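Please look through the sequence and the three-dimensional structure below before reading on.

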Amino acid sequence: MTETILDQAIAWHRAQDDADFDWDGFTLWLEADPAHRTAFDSIALVDARIVEHRATLAALVPPVDMPGPAIAAEAPRRRRRWVGGGVAAALALAVAIPALRSPAPQPADYRTGPGQGRTILLKDGSRIALAASSHLRVEGAAQDRLALEGSALFDIPHRPGRTMTIEAGGQRISDIGTRFDILADARTMRVAVAEGRISIAPRDGGDAIPLPAGRQLLVDRLTHRGATSAVSPGTVGSWRQGRLVYEAVPLSLVASDLSRYAGVPVRVGADVADRPFSGVLIVGDGSGLVREVAQFMDLRTVHQGGAVLLRAGAR
């Protein structure tokens with residue numbers, strides 16, 4: 001692994017805080033060379049460990065004198081500007097950090113704003129792509145208890161004997177060692193599996209159901225009814241490439257996605273909330289998504305208190 005590749009990995013990792021992050025370019029860079037993914041994983045792990053042990057490291061590492069304006073400019077940003085020899089120092093620090101033990105690891109909260117996304121790397125190599133306007137909470141010394149509000153794509157390696165659970169939309173997902181996508185909001189919960197197999201059960205008790213690759217589960221949180229259906233594995237997590245792909249999902253779920261990318265809350269009337277929608281939406285800057293769905297579904301848009309309501313009957 002060369003210093004140039006490490007510098008590129010650092011640049012991609014830092015850029016994920018930006019609203020206009022180039023997901024297509026990032027994907028092409030990862031796929032161009034196996035060393036790219038290895039380097040990116042290393043940098044992401046360093047960053048996660050530094051954040052986790054920030055207080056301990058602050059006591060061990062002496063402060064660096066910098067001009068006042070530079071400090072003020074860097075303060076709001078969490079990312080570190082690693083360059084040159086700083087890469088080797090950061091990687092060496094990552095090796096040393098596991099020796100530092102805190103008595104009770106604090107939960108980690110990851111949030112994204114409208115139009116933003118970020119990648120989270122856990123200790124066991126699990127990779128989580130957090131979608132826009134979402135919140136992921138990670139708890140436990142083994143980072144094995146997760147809770148999601150919003151949407152995320154999970155790549156979880158199989159670990160014999162491990163128990164990992166994800167709570168989302170009133171459901172508990174376990175028996176994980178696979179690739180799957182979750183969307184959870186106040187009305188709907190959807191899990192779609194691209195690879196492997198997972199188990200899902202209501203959080204407050206109930207029988208678990210298996211969900212293999214090529215299947216999705218949709219749960220109406222208001223009626224507590226759920227149904228499984230087929231899904232194309234290749235479309236799972238397609239939002240990372242700027243495409244929202246739907247196969248017979250309720251319009252209320254589409255509205256949840258629109259809210260994340262259009263920059264305004266999008267709601268649907270009770271008379272159309274369960275209307276099925278199939279199609280592909282190109283995200284772009286998000287500004288035309290609501291209009292596109294309204295035209296396609298013969299709906300009208302009503303602006304209410306800063307939100308957009310989709311109702312039956314085009315204008």
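**From a cavity to the cores**

The largest cavity has a lining of 22 residues, and those that lie nearest its centre are Asp181, Arg190, Thr235, Gly237 and Val245. The model is predicted, so local features need pLDDT of at least 70 and side-chain atom pairs count only at pLDDT 80 or more, while totals for chains, interfaces and linings use all residues. Residues are numbered from 1 along each chain as its sequence is written, and side-chain values use heavy atoms, with hydrogens and water left out.

A cavity here is a set of points, on a 1 Å grid over the protein atoms alone, where a 1.4 Å probe fits but cannot get out, and its lining residues have an atom within 4 Å of a point. Two cavities of 30 Å³ or more are counted, and the largest holds about 200 Å³, a volume being the space filled by probe spheres set on the points. Strands S8 (179-184), S9 (188-195) and S14 (243-250) and helix H7 (251-262) each supply at least two residues of the lining of the largest cavity, with the largest share, six residues, coming from S14. Helices (H or I, at least four residues) and strands (E, at least two) are DSSP runs, numbered from the N terminus.

Helix H8 (residues 289-296) has the buried residues Leu289, Val290, Val293 and Ala294, where buried means under 20% relative accessible area and exposed means over 50%, with a 1.4 Å probe and protein chains only. Seen down the axis of H8, these buried residues fall within an arc of 130°, so they line one face of the helix; the arc is that of the directions from the helix axis to the C-beta atoms. An α-helix has 3.6 residues a turn, so residues three or four places apart point the same way. On the face of H8 turned away from its buried side are the exposed residues Arg291, Gln295 and Phe296.

A nonpolar core is a set of buried Ala, Val, Leu, Ile, Met, Phe, Trp, Tyr and Cys residues joined through side-chain atoms within 4.5 Å. The largest nonpolar core has 35 residues, and Leu258 and Val293 are among those with the most contacts inside it. H7 gives the most to this core, with six residues. Not counting residues up to four places away in sequence, Leu258 touches several residues, including Leu281, Leu289, Val290 and Val293, contact meaning heavy atoms within 4.5 Å. A second, separate core has 28 residues, including Tyr110, Met164, Met189 and Val219.

Definitions and conventions. 1 Å grid on protein atoms, 1.4 Å probe; cavity = no way out; pocket = protein on both sides within 12 Å on 5 of 7 lines; lining within 4 Å.
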